[in-house]
Amino acid sequence: LIEECMLLANKAAAKRFEGDGDGIFRIHELPQLAKIEELLSNLAIVGVFVEEYEDSLELIRLIQQEAKKLHIESEVDEMIIKSLKQASYSSHNVGHFGLGFSHYSHFTSPIRRYSDLVLHRILKTKKIPKDIDDICLNISTKERDIAKLVWDLEDRIYARYASHNIDEVYEA
């Protein structure tokens with residue numbers, strides 16, 4: 001219930017703007033055709049086939065239905081996510097494909113996300129920073145840098161664990 005309310009608040013905040021450089025949006029672009037074709041090819045290897053679909057959203061729903069039949073939903077969801085562009089911040093709204101929202105921003109966590117704080121300032125002062133595009137790019141870049149640091153740390157932890165368990169045999 002709380003998560004649903006947060007999503008609604010994020011959508012409502014984004015709808016306060018036109019989306020032409022006048023706010024900060026969390027955007028997620030439509031998948032690229034080449035990535036969709038690669039995904040379908042990789043899914044065929046694990047026995048998931050979808051031949052007819054109207055658009056990208058329907059394709060993903062059909063893929064998930066087929067994966068459920070094979071009891072490999074989480075693995076296939078991970079493959080789908082890797083085939084999509086990463087979400088980012090922009091002053092120009094293109095919608096959020098992954099969530100299926102026409103308007104979306106981050107509004108509900110100004111004490112932990114800088115994008116939320118920027119949005120709060122814009123709403124409160126009714127002034128758009130002149131460097132809003134640079135701010136959006138910087139936030140997106142820092143978010144990716146942080147994600148890479150987390151992945152690198154996890155890799156080090158896994159490598160350390162593996163180095164202490166070289167002769168162990170695990171069933172999979």
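At 26% relative accessibility, Glu66 counts as partly exposed, a class lying between buried (under 20% relative accessible area) and exposed (over 50%), as computed with a 1.4 Å probe and protein chains only. Its salt-bridge partner is Lys69, with the closest N and O atoms 3.0 Å apart; a salt bridge is here a side-chain nitrogen of Lys or Arg within 4 Å of a carboxyl oxygen of Asp or Glu. Lys69, at 58% relative accessibility, counts as exposed, and because Lys69 and Glu66 are three residues apart in helix α3, about one helical turn separates them. The model is a predicted one, in which local features need pLDDT of at least 70 and side-chain atom pairs count only at pLDDT 80 or more, whereas totals for chains, interfaces and linings use all residues. Residues are numbered from 1 along each chain as its sequence is written, and side-chain values use heavy atoms, with hydrogens and water left out.

Helix α3 comprises the 14 residues 56-69, which at 1.5 Å a residue should span 20 Å, in agreement with the 20 Å between its end C-alpha atoms; the expected span is 1.5 Å times one less than the number of residues, and helices are DSSP runs (H or I, at least four residues) numbered from the N terminus. Within α3, Leu59, Ile60, Ile63 and Ala67 are buried. These residues cover an arc of only 95 degrees around the axis, which puts them on the same side of α3, the arc being that of the directions from the helix axis to the C-beta atoms. The buried residues of α3 pack against α2 (33-45) and α4 (73-83), contact meaning heavy atoms within 4.5 Å, while the face turned away from the buried side carries the exposed residues Lys68 and Lys69.

The structure holds six salt bridges in total. Among them, Glu78 pairs with Lys82, with the closest N and O atoms 3.5 Å apart, and these residues, being four apart in helix α4, are separated by about one helical turn. Glu78 counts as partly exposed at 47% relative accessibility, and Lys82 is exposed, with a relative accessible area of 63%. A further salt bridge joins Arg113 and Asp116, whose closest N and O atoms are 2.7 Å apart; both of these residues are buried.

Towards the end of the chain, Val169 is found in the segment after α6 and, at 74% relative accessibility, counts as exposed. The C-alpha atoms of Val169 and Leu119, which are 50 residues apart along the chain, are separated by 51 Å.

Methods: Helix = DSSP H or I, 4+ residues; strand = E, 2+ residues; numbered from the N terminus.
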